[in-house]
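Subject: Structure handover

Hello,

Here is the structure for you to look through. My notes on what was found follow directly below it.

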Amino acid sequence: MDLRALRYFIEVVRQNGFTRAAETLHVTQPTISKMVRALEDELGGPLLLREGRGVQLTDAGQVVYDRGQEMLDQARLLRQQVAEVDNITRGELSVGIMPTTGHYMAPVIALFQQRFPGVHLQVNEQGARAQYQLIQDGKLDMALGLFSAPDPALERYTVARQKTRVVLPVHRVGDPDRPLRWQDLHDLPFVLYTSDFALHEHVLQQCEAAGFSPQVKVQTRYWDFIGHLVAADVGVAVMFEHVIARYDPRRVASRPLTEPAITWDVALMWRPGYLSRAARAWLDCVRAVYPRPLHGADQPPMPQP
């Protein structure tokens with residue numbers, strides 16, 4: 001069946017006439033009449049009764065009109081899906097990655113580019129709070145975020161689970177396995193991430209819950225600079241295990257934090273609802289690299305050559 005003839009027929013019914021349908025479709029009236037007659041010949045009987053300047057559906061015409069709309073909807077969906085398959089070879093994908101978690105996404109990027117070399121990958125590097133807002137605003141397809149509790153506003157897939165520890169100069173740490181309570185940090189100076197990082201707000205909240213306001217000496221966006229500041233005894237820091245594992249153990253060390261001890265999910269996040277083919281392909285690559293969450297300072301797999 002010629003879908004164009006079906007579309008012309010349905011438009012004639014909607015416009016209640018051949019002339020108005022021709023104007024809407026930007027074709028001549030004889031062209032529409034010819035296509036409708038061809039459809040009637042194919043289906044073996046009249047579909048329309050011409051009444052003055054209008055039309056009326058026959059019983060067979062009513063069936064064709066109802067089912068024809070479904071067929072055209074399916075055809076549109078088919079074209080969209082085919083276009084998406086094409087776009088996944090030539091389109092683009094925007095992904096947010098926190099500066100301290102790039103090592104988790106490196107093998108994913110390698111796999112994605114191996115599978116879909118034509119897709120332009122745009123990477124946005126900002127703190128977790130900024131990434132969260134960009135996802136909510138629809139400015140990113142997906143982002144790697146931090147969660148200490150469920151968030152019903154977002155879908156997510158967990159890549160790793162981390163705990164926060166307090167980082168100190170190595171000479172101030174006796175037993176690295178002996179926990180510190182948050183209230184034990186009362187008299188110590190702090191170095192913090194800037195306010196667009198989720199860990200910044202977390203530290204302020206936990207210190208307040210422990211009954212004090214932290215003495216903040218320096219704020220920075222850079223995890224490695226925080227390590228240098230701690231090593232220089234400028235202040236202590238609260239950091240994730242995977243970041244601490246990258247510090248020089250000859251200069252800094254850490255201890256567990258308790259009361260409370262909080263586990264964080266490092267997770268790919270996206271808004272519920274429709275996902276483009278490229279975004280679904282990215283999620284498939286994340287699942288392939290991380291079939292189960294990493295824990296603590298576990299390192300992600302090396303990209304395959």
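Helix α1 (residues 3–15) meets helix α2 (residues 18–25). On the α1 side the residues are Tyr8, Glu11, Val12 and Gln15; on the α2 side they are Phe18, Arg20, Ala21, Thr24 and Leu25. Contact here means heavy atoms within 4.5 Å. The two helices pack at an angle of about 120°, with axes 8 Å apart. Axes are lines fitted to C-alpha atoms, for helices over the stretch in contact, and angles run from 0 to 180 degrees between N-to-C directions. α1 and α2 are therefore oblique to each other. Angles under 35 degrees count as roughly parallel, over 145 as roughly antiparallel, 65 to 115 as roughly perpendicular, and the rest as oblique. The crossing of α1 and α2 is right-handed. A crossing is right-handed if the near helix is turned clockwise from the far one by less than a right angle, and left-handed if anticlockwise.

Some ground rules. The model is predicted: local features need pLDDT of at least 70, side-chain atom pairs count only at pLDDT 80 or more, and totals for chains, interfaces and linings use all residues. Residues are numbered from 1 along each chain as its sequence is written, and side-chain values use heavy atoms, with hydrogens and water left out. Helices (H or I, at least four residues) and strands (E, at least two) are DSSP runs, numbered from the N terminus.

**Helix α3**

α1 also packs on helix α3 (residues 29–43), at about 110° and with axes 9 Å apart. That makes α1 roughly perpendicular to α3. Arg4, Ala5, Leu6, Tyr8, Phe9 and Val12 of α1 make the contact with Thr31, Ile32, Met35, Val36 and Leu39 of α3. This crossing, α1 past α3, is left-handed.

α2 and α3 meet too. Their axes come within 9 Å and cross at roughly 110°. α2 and α3 are therefore roughly perpendicular to each other. α2 contributes Phe18, Thr19, Ala21, Ala22 and Leu25; α3 contributes Gln29, Ile32, Ser33 and Val36.

Asparagine 16 lies in the loop between α1 and α2. Its phi is near 55°, a positive value in a residue other than glycine. Most residues other than glycine have a negative phi, and most peptide bonds are trans. Asparagine 16 counts as partly exposed, at 35% relative accessibility. The cut-offs are under 20% relative accessible area for buried, over 50% for exposed, and partly exposed in between (1.4 Å probe, protein chains only).

**Strand β3**

How many of the six residues of strand β3 (residues 92–97) are buried? Five are, so β3 is largely enclosed by the rest of the structure. β3 pairs with strand β4 (residues 120–125) in the parallel sense, over six bridges. Two strands pair if DSSP finds at least two bridges between them. Valine 95 stands opposite valine 123 in β4. β3 also pairs with strand β5 (residues 142–147), again parallel, over two bridges. There, glycine 96 stands opposite alanine 143 in β5.

β3, helix α5 (residues 102–115) and β4 make a right-handed β-α-β unit. Right-handed here means that, with the strands pointing away from the viewer, the path from the first strand over the helix to the second runs clockwise.

Glutamine 56 lies in strand β2 (residues 54–57). It is partly exposed, with a relative accessible area of 38%. Its C-alpha atom is separated by 7.8 Å from that of valine 13, 43 residues apart along the chain. Leaving aside neighbours within four places in sequence, glutamine 56 is in contact with Leu47, Leu48, Leu49 and Glu51.

Glutamine 206 is in helix α7 (residues 198–209). Glutamine 206 is buried, at 13% relative accessible area. Not counting residues up to four places away in sequence, glutamine 206 touches Trp182, Pro260 and Ile262.

**The loop at proline 260**

Proline 260 is in the loop between β11 (252–258) and β12 (263–270). Is the peptide bond from glutamate 259 to proline 260 cis or trans? The bond is cis, with omega near 5°. Glutamate 259 lies in the loop between β11 and β12. Phi of glutamate 259 is near 55°, a positive value in a residue other than glycine. Glutamate 259 is exposed, with a relative accessible area of 54%.

Best wishes
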